[in-house]
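These are my notebook entries on one protein chain. I set down what I looked up, entry by entry.

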Amino acid sequence: MKNNLQTHIGLAFLRIVPSIMMLTHGLPKFQKLISGDFEFGDPIGIGATPSLFLAVIGEFICPILVIIGFKTRWMAVPPAITMVVAGFIAHSADPFATKEKAFLYLAFFIVIILLGPGKFSIDKK
């Protein structure tokens with residue numbers, strides 16, 4: 001890489017910005033879960049409550065850990081899986097413009113899995 005500092009700043013930016021944006025989708029689900037409202041879609045046939053719980057992990061808990069850079073590659077896997085389910089299953093009948101956001105998040109988290117967190121993280125890799 002041309003400039004190591006630039007690379008690590010870029011990795012931090014790539015890790016933090018999409019994760020913060022993902023939190024805007026995960027926070028309402030987290031609030032729904034802790035309020036006891038378990039009504040949610042069941043896109044993979046495991047029930048509404050387990051689906052909501054997995055969505056909270058993928059869209060709220062793991063993005064927080066990705067932001068701070070804790071076990072970043074592993075913590076980027078649940079959001080990626082959640083976006084696969086959102087893009088290919090939950091929104092399968094929707095137009096591409098509706099699926100596009102899920103696919104963009106999926107791309108971000110795949111890149112994070114492949115490249116890691118950079119040195120500006122708890123992992124410092």
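Which residues does Ser19 touch, not counting residues up to four places away in sequence? I found Pro63, Val66, Ile67 and Phe109, where contact means heavy atoms within 4.5 Å.

**Entry 1. Basis of the notes**

I worked from a predicted model, in which local features need pLDDT of at least 70, side-chain atom pairs count only at pLDDT 80 or more, and totals for chains, interfaces and linings use all residues. Residues are numbered from 1 along each chain as its sequence is written, and side-chain values use heavy atoms, with hydrogens and water left out.

**Entry 2. Ser19 and helix α1**

I placed Ser19 in helix α1; helices are DSSP runs (H or I, at least four residues), numbered from the N terminus. Ser19 counts as buried because its relative accessibility is 0%; buried means under 20% relative accessible area, exposed over 50%, and partly exposed in between (1.4 Å probe, protein chains only).

I then checked the span of α1. Its 31 residues should span 45 Å at 1.5 Å a residue, and the end C-alpha atoms are 42 Å apart, which agrees; the expected span is 1.5 Å times one less than the number of residues. I noted a kink of about 35 degrees at His25, shortly before the proline Pro28. The bend at a residue is the angle between axes fitted to the seven residues ending there and the seven starting there.

The buried residues of α1 include His8, Arg15, Ser19, Met22 and Lys29. Their cover includes α2, α3, α4 and α5. After α1 comes Gly36, with a positive phi near 90 degrees.

I repeated the check on α2, whose 21 residues reach 30 Å from first C-alpha to last, close to the 30 Å expected at 1.5 Å a residue. This helix bends by about 35 degrees at Ile57. Among its buried residues are Ser51, Glu59, Cys62, Pro63 and Val66, and what covers the buried residues of α2 includes α1, α3, α4 and α5.

Just after α2, Gly69 takes a positive phi of about 80 degrees. Most residues other than glycine have a negative phi. Lys71 is found in the loop between α2 and α3 and is classed as partly exposed because its relative accessible area is 45%.

**Entry 3. Thr72**

Is Thr72 buried or exposed? Thr72 counts as buried, at 0% relative accessibility. I found Thr72 in helix α3 (residues 72-75). Arg15, Val66, Ile112, Pro117 and Asp123 are its contacts, not counting residues up to four places away in sequence.

**Entry 4. Nonpolar cores**

I looked next for nonpolar cores, that is, sets of buried Ala, Val, Leu, Ile, Met, Phe, Trp, Tyr and Cys residues joined through side-chain atoms within 4.5 Å. The largest has 14 residues, and those with the most contacts inside it are Met22, Val66, Ala76, Met83, Tyr105, Phe109 and Ile112. At least two residues of this core come from each of α1 (4-34), α2 (48-68), α4 (77-90) and α5 (96-115). The most come from α5, with five.

Apart from this core lies another, of five residues, among them Leu23, Leu33, Leu52 and Val56. I traced the contacts of Phe109 as well: Ser19, Met22, Val66, Ala76, Pro79 and Ala80, not counting residues up to four places away in sequence.

Ala80 lies in helix α4 and is buried, with a relative accessible area of 7%.

Not counting residues up to four places away in sequence, Gly87 touches Ser92, Lys99, Ala102 and Phe103.
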